[in-house]
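My notes follow in the order I looked things up.

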Amino acid sequence: MKLYVGAIDQGTTSTRFMVFDQAARVVAAAQKEHEQIYPRAGWVEHDAVEIWRRTREVIAAALSAGGLGPADLAAIGITNQRETTVVWDRTTGRPVANAIVWQDMRVAEDVSRFAAIRGQDRFRAKTGLPLSTYFSSLKLRWILQNVPGARERAAAGDALFGNIDSWLLWNLTGGTRGGVHVTDVTNASRTQLLNLSTLDWDDELLAAFEIPRPMLPRVCSSSEIYGSATLPLISGVPIAGDLGDQQAALVGQTCFQPGEVKNTYGTGCFLLMNTGERNVPSHFGLLTTIAYKFGKERACYALEGSVAIAGALVQWLRDNLGLIEKSADIEALARTVNDNGGVYFVPAFSGLFAPYWKDTARGVIAGLTRYANKGHLARAVLEATAYQTREVVEAMEKDAQIELGSLRVDGGMVANELLMQFQADILNREVVRPVILETTALGAAYAAGLAVGFFESADALRANWGADRTWKPHLDEVRREQLYREWKKAVTRSFDWVE
């Protein structure tokens, strides 16, 4: 009997491989970072070949640490950074260029040109998404326009497109020797090329963005057997789950009922509400997206509030300013002061995502006086994530017409007690951290396990979820609203910095 399921968690800054048992306990894990490439201001790239190499390395390291082999794994699932765009040659298996990361801003002028025709929401009815630098559509168009020969090879079906999930799936199942070229509905829904109603690529959208259909992967459910691994370390193991990282966290948190909400604090910050089989259009700056689709069951939808910069701001403080040695040090530095000292940090490095969608915004630090020190700056960095989350929660409550009772949280930043307490304070809601924090990888493992019968049903997965810590709000209302009002003022200072 196969006792475990594996999950490849390919994120913006690192790749992990984790092995879980049926009680969702981690039995083996390994993680490695990959290079962040910044060719010029506003551009962010990854080397997809390096990511594939890191994936093989972490699989090997985790299996070795756990004394495991292919015979122990019932299936493997994949979860990945969404929107990041890869184009590769079907014959050689080599990318035609570096992957363009979701944070990349190079298509900002294209956003303006496309929005000049029927506005920023011109494709929202079909895709659930506004025009933005965030999504894959314009990134893919940029590659086809700027990489010599790419468009011709794409039209012939010799150049393949995918987000990182498709790139890994293709390589895992054989690559140039018959690799499977697929994606799932959650990742496809982030390309701005998928019709949310038909769950397939849309000819009108493809024409508008000038994307040849032959280069696109086949759209599948989030939980089915796509193919078997050919990599010797995991040879023959079914690859059977595929979810974008935020949808995977929703599944890992077992938010299977309409109205259930999770927030993931990673490089960015992403709050999702399950809306069930109801495709809910947003009127308050959120995204409508696919939450998951298990096998032949109907797809479930979600409302999403996407914040571009959360944990990445802590990394910026570490790497660009050198104020801390490692990311975890920020809490101790922030605790050297009692409050933010009137300092607010709006991290619009890549513009503002939900609920503003302003590509021309840029980061600002507001409220500086001679009194302010590095402790205040550290506190402002942490508080920025909590303020941005409140903005998204308010928009979500308006769109869904559901008042949030509590917030389930996960991701690397939830270990920060100061941030979690301030999140509860500024939201005036309970914030709940689960026992199992690795919800993104766990969601991919759940999807794969469901496909092969390792897990009985989605309902059975709920038994694995339990609360580890709950933060209750303690801030008085006058102070809470004063802080939030000043934050909103600081946000307006970031608007239209780029003319």
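**Entry 1: an arginine.** Where does Arg122 lie? I found Arg122 in the loop between α2 (108-115) and α3 (124-127). I keep in mind that this is a predicted model. Next I looked for a charge partner: Arg122 is buried yet has no salt bridge. The nearest side chain of opposite charge belongs to Glu204, 7.1 Å away.

Entry 2: Is Ser350 buried or exposed? Ser350 counts as buried because its relative accessibility is 7%, and the cut-off is under 20%. I placed Ser350 in the loop between β19 (344-346) and β20 (364-366). I also checked Ser350 against Gly77: they are 273 residues apart along the chain, and their C-alpha atoms are separated by 30 Å.

**Entry 3: cavities.** How many cavities of 30 Å³ or more does a search of the whole structure find? I got 2.

- The largest cavity has a volume of about 100 Å³. Its lining has 16 residues, and Val307, Leu352, Phe353, Ala354 and Gln388 lie nearest the centre. I sorted the lining by class and noted 13 nonpolar, 2 polar and 1 charged residues.
- The second largest cavity holds about 50 Å³ of space. Among the residues lining it are Ala24, Gly252, Tyr446 and Trp465. Helix α14 (residues 439-452) gives the most to this lining, with 3 residues. I noted 6 nonpolar, 4 polar and no charged residues here.

Entry 4: Now for the open spaces.

- I read off about 1,100 Å³ for the largest pocket. Of its 42 lining residues, Tyr265, Gly266, Thr267, Gly411 and Gly412 are the closest to the centre. Elements giving two or more residues to the lining include β2 (14-20), β3 (26-33) and α9 (245-252). The most comes from α10, with 4 residues. By class I have 13 nonpolar, 19 polar and 10 charged.
- The second largest pocket has about 630 Å³ of space. I listed 21 lining residues, with Tyr38, Gln103, Ala312, Trp316 and Phe349 nearest the centre. Here α10 gives the most, with 5 residues. The classes come to 8 nonpolar, 10 polar and 3 charged residues.

Key. Residues numbered from 1 in each chain as written. Predicted model: local features only at pLDDT ≥ 70, side-chain atom pairs only at ≥ 80, totals over all residues. Heavy atoms only, no water. 1 Å grid on protein atoms, 1.4 Å probe; cavity = no way out; pocket = protein on both sides within 12 Å on 5 of 7 lines; lining within 4 Å. Points joined across faces, edges and corners; volume = space filled by probe spheres on them. Nonpolar A, V, L, I, M, F, W, Y, C, P; charged D, E, K, R; others polar. Buried < 20%, exposed > 50% of the residue type's maximum accessible area, 1.4 Å probe, protein only. Lys, Arg positive; Asp, Glu negative; His and termini not counted. Salt bridge = Lys/Arg side-chain N within 4 Å of Asp/Glu carboxyl O.
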